[in-house]
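My entries follow, in the order I looked things up.

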Amino acid sequence: MKNNILSILSLLFIAILTVSVGTTQSFADDNEVIIDGLTISNPMIRATIPPHLVSAGYLKIKNEGSENDRLLSISSKFSERDEIHTMTMEDDVMKMRPLPDGIEIASGEEVILEPGGMHFMFLKVEEELAEGDIHPITLEFEQRGEVTVNFTVKEIKRKQHMKDKKHHHEMDHSKHH
Ligand SMILES: [Cu+2]
């Protein structure tokens, strides 16, 4: 009889564990978000330097799920327009342009958004983004839907070659100031 109670208790325990593990979204460390095998880590945005009203965002996305996914768009509350950009070298000039189809994150792949590469672009930022602030940004994925991630504001240095070489925007961001 005692054994029966014990086994019932342990079954119950396993059931509780299964339920808690079975939830789709879990928060591991600080701002890391894991959703259905997709890990979003190190989300950060660049502190604004007044009077500049643009900022950029970076993160890592690792897809350990069985299906490919695609990051379609992003949405913040602190800026008027949010875009996903890529950066390429053309004739010794760094050019960035929006990625209208977003970024594919194939199963088994890791995508890194970092200074000098792909990044989020926040245009017409409406408030100062100060180091240490945390801002939620909603990412929209084709398969996983909307995922809100907390981004930490950091003083992020620009890549040296971006300072040296003319930093040309295919779209003129200055007119949004
Ligand atoms: Cu950009």
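Predicted model: local features only at pLDDT ≥ 70, side-chain atom pairs only at ≥ 80, totals over all residues.

**Entry 1: β3 and β4.** I began with strand β3, residues 38-46, and strand β4, residues 54-63. They pair in the antiparallel sense over 6 bridges.

**Entry 2: other partners of β4.** Strand β10, residues 119-125, pairs with β4 in the antiparallel sense over 4 bridges. Here the bridge partner of Gly57 is Phe120 in β10. Strand β9, residues 110-113, is also joined to β4, by 4 bridges, and the two run antiparallel. On that side I found Leu59 opposite Leu113 in β9.

**Entry 3: Lys60.** I then stopped at one residue of β4, Lys60. Is Lys60 buried, partly exposed or exposed? I counted 15 other C-beta atoms within 10 Å, so Lys60 is partly exposed. The cut-off for buried is 20 or more, and for exposed 12 or fewer. Which residues does Lys60 touch, beyond those up to four places away in sequence? They are Ser41, Asn42, Glu110 and Ile112. I also checked Lys60 against Ile40. The two are 20 residues apart in sequence, yet their C-alpha atoms are 5.7 Å apart in space.

**Entry 4: Ile61 and the core.** Next to look up was Ile61. Leaving aside neighbours within four places in sequence, Ile61 is in contact with Leu38, Ile40, Leu71, Ile105 and Val111. In regular strands, side chains alternate between the two faces of the sheet. I then looked at the nonpolar residues together. The largest nonpolar core has 25 residues. Which of them have the most contacts inside this core? They are Ile40, Ile61, Leu71 and Val149. The elements giving two or more residues to the core are β2 (33-35), β3, β4, β10, β11 (134-141) and β12 (145-154). Of these, β10 gives the most, with 4 residues. As a general note, nonpolar side chains tend to be buried together in soluble globular proteins.

**Entry 5: β12.** I followed β12 next. Do β3 and β12 run parallel or antiparallel? They run parallel, joined by 3 bridges. A hairpin through 3 residues joins β11 to β12.

**Entry 6: His52.** I went back to the loop between β3 and β4, where I found His52. Why does His52 count as exposed? His52 has 12 other C-beta atoms within 10 Å, so it is exposed. I checked one distance from this loop residue. His52 and Val125 are 73 residues apart in sequence, but 8.5 Å apart in space, C-alpha to C-alpha.

**Entry 7: the whole protein.** I finished with the totals. I counted 2 helices and 13 strands. How many residues does the protein have, and what share of them is buried? There are 177 residues, and 22% count as buried. Last, I looked at contacts between residues at least 6 apart in sequence. Of these, 69% join residues at least 24 apart.

Methods:
Residues numbered from 1 in each chain as written. Contact = placed C-beta atoms within 7 Å. Pairing = 2+ DSSP bridges. Core = buried A, V, L, I, M, F, W, Y, C linked by C-beta atoms within 7 Å.
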